[in-house]
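Let's walk through this structure together, going from helix packing to a pocket and then to some local details. Have the model open as you read.

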Amino acid sequence: MLQNKKKIPYKIGNYNFLLVAYTLILSTIGFFMVYSATSDIVFESGLTIYAKQLIGIILGIICMVSLSLIDYKVVLKFSWIWYIGNILVLLYVRYFSPIELKGAKRWISLPGFGTIQPSEFSKIVLIITYAVFLTKVRDKINKVSYLVLAGVIGAPPILLILLQPNLSTTIVCCSIVAFMIFMAGISYKWVIGVLGTGIVSVVGVVFLTLRGFHILKPHQIERIVAFMEPEKYPNLTYQQRFSVMAIAGGKLNGKGLNNNTFDSVKNGNFLSEEQGDFIWAVVGEELGFIGCCVIIILIGLVVIECLKIAKSSKDFSGRLVAGGIATLFAIQSFVNIGVATLILPNTGIPLPFISSGLSSLLSSFICIGLVLNIGLQRRK
């Protein structure tokens with residue numbers, strides 16, 4: 001009987017407590033940033049925003065720990081259920097959800113917690129789906145038919161996210177898929193070809209947009225034109241300009257948490273989403289250059305730990321999942337900080353573990369839970 005007893009596939013001694021520590025430090029900093037940015041905002045769906053953030057952190061930690069102790073292969077086994085369920089939820093958001101804000105339909109109501117944004121969880125579903133698919137076709141990935149199939153798999157959820165409209169999340173999803181296909185061993189000829197085509201396409205779209213051709217949606221055109229010629233469209237870049245001023249005003253050490261200076265971005269109402277998409281402005285103003293560097297380093301360390309776990313994974317699917325999650329954190333952080341510092345066109349996307357939002361927090365903690373379990377089953 002003892003010989004037939006099933007062995008546990010991983011050792012708790014391999015638990016990556018360093019990655020957990022980085023995650024907890026980031027989420028703690030995020031809570032104080034959200035509290036400072038919204039301390040005078042009373043309610044959001046019955047809860048203060050910072051109370052909702054704290055609930056998100058607690059629920060996220062529970063999800064992270066629980067998922068880290070569940071064999072990730074069990075999660076991958078039901079990949080098509082997650083995939084179909086994700087599409088159904090996105091269809092509901094698109095055609096049936098009554099919640100619409102500034103022309104966008106991205107949310108569904110969650111009793112007791114306000115709203116959640118399903119597209120945040122779509123990133124995880126895409127990572128899981130492509131991990132399973134690419135593992136099966138790894139030796140055939142350079143064939144045109146399988147590359148087309150890879151595109152067909154990603155098209156439904158990505159297009160539904162784009163139609164919300166949610167261009168920033170669409171870009172992140174496409175980046176994740178592209179990197180995972182690269183990890184699967186695609187030929188460099190394909191990589192060079194796709195990069196060349198992509199660069200030409202982006203330049204072409206920008207050129208035609210500046211010439212007055214309406215290829216994109218009106219608000220997307222406005223943001224690109226304003227980014228290219230900010231002096232001509234000051235009203236379209238005012239949030240980014242105030243964000244840069246706030247970051248510069250923080251100087252080396254910052255003005256301090258929850259400061260009450262009249263010229264603060266949060267006290268002066270210069271930004272409309274300082275607790276979310278523009279949380280970096282609050283970070284720069286209150287924590288200064290040193291605080292910004294600390295957060296960037298912590299995010300970088302999270303990405304590095306994910307890549308290290310990907311490298312040591314005992315199988316290819318685990319490597320793809322951990323690598324995809326590392327890409328998610330890296331790209332999303334780069335876009336959020338890039339927008340807040342005016343090096344990218346204005347597009348809304350949360351900073352992992354720092355920005356407010358239940359969906360963003362939970363999805364980030366779920367990602368860490370998956371990576372932790374992959375690390376528990378590292379290659380000998």
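The paragraphs below begin with how the model was treated.

This is a predicted model, in which local features need pLDDT of at least 70 and side-chain atom pairs count only at pLDDT 80 or more, while totals for chains, interfaces and linings use all residues. Residues are numbered from 1 along each chain as its sequence is written, and side-chain values use heavy atoms, with hydrogens and water left out.

Start with helix H7 (residues 167-183) and helix H12 (residues 316-340), which pack at an angle of about 145° with their axes 9 Å apart. Helices here are DSSP runs of H or I with at least four residues, numbered from the N terminus; axes are lines fitted to C-alpha atoms over the stretch in contact, and angles run from 0 to 180 degrees between N-to-C directions. On the H7 side, Val172, Ser175, Ile176, Phe179, Met180 and Met183 take part, meeting H12 residues that include Phe316, Leu320, Gly323, Gly324 and Ile331 (contact means heavy atoms within 4.5 Å). By class, this contact has 9 nonpolar, 5 polar and 1 charged residues; Ala, Val, Leu, Ile, Met, Phe, Trp, Tyr, Cys and Pro count as nonpolar, Asp, Glu, Lys and Arg as charged, and the others, Gly among them, as polar.

A cis peptide bond joins Gln164 to Pro165, with omega about -10°. In the loop between H12 and H13, Leu342 has a positive phi of about 65° although it is not a glycine.Now turn to the second largest pocket, where H5 gives the largest share of the lining, 5 residues. The lining divides into 15 nonpolar, 2 polar and no charged residues.

H5 also holds Lys123 and Glu120, which are 3 residues apart and therefore separated by about one helical turn. Lys123 forms a salt bridge with Glu120 (a side-chain nitrogen of Lys or Arg within 4 Å of a carboxyl oxygen of Asp or Glu).

Note on methods. Helix = DSSP H or I, 4+ residues; strand = E, 2+ residues; numbered from the N terminus.
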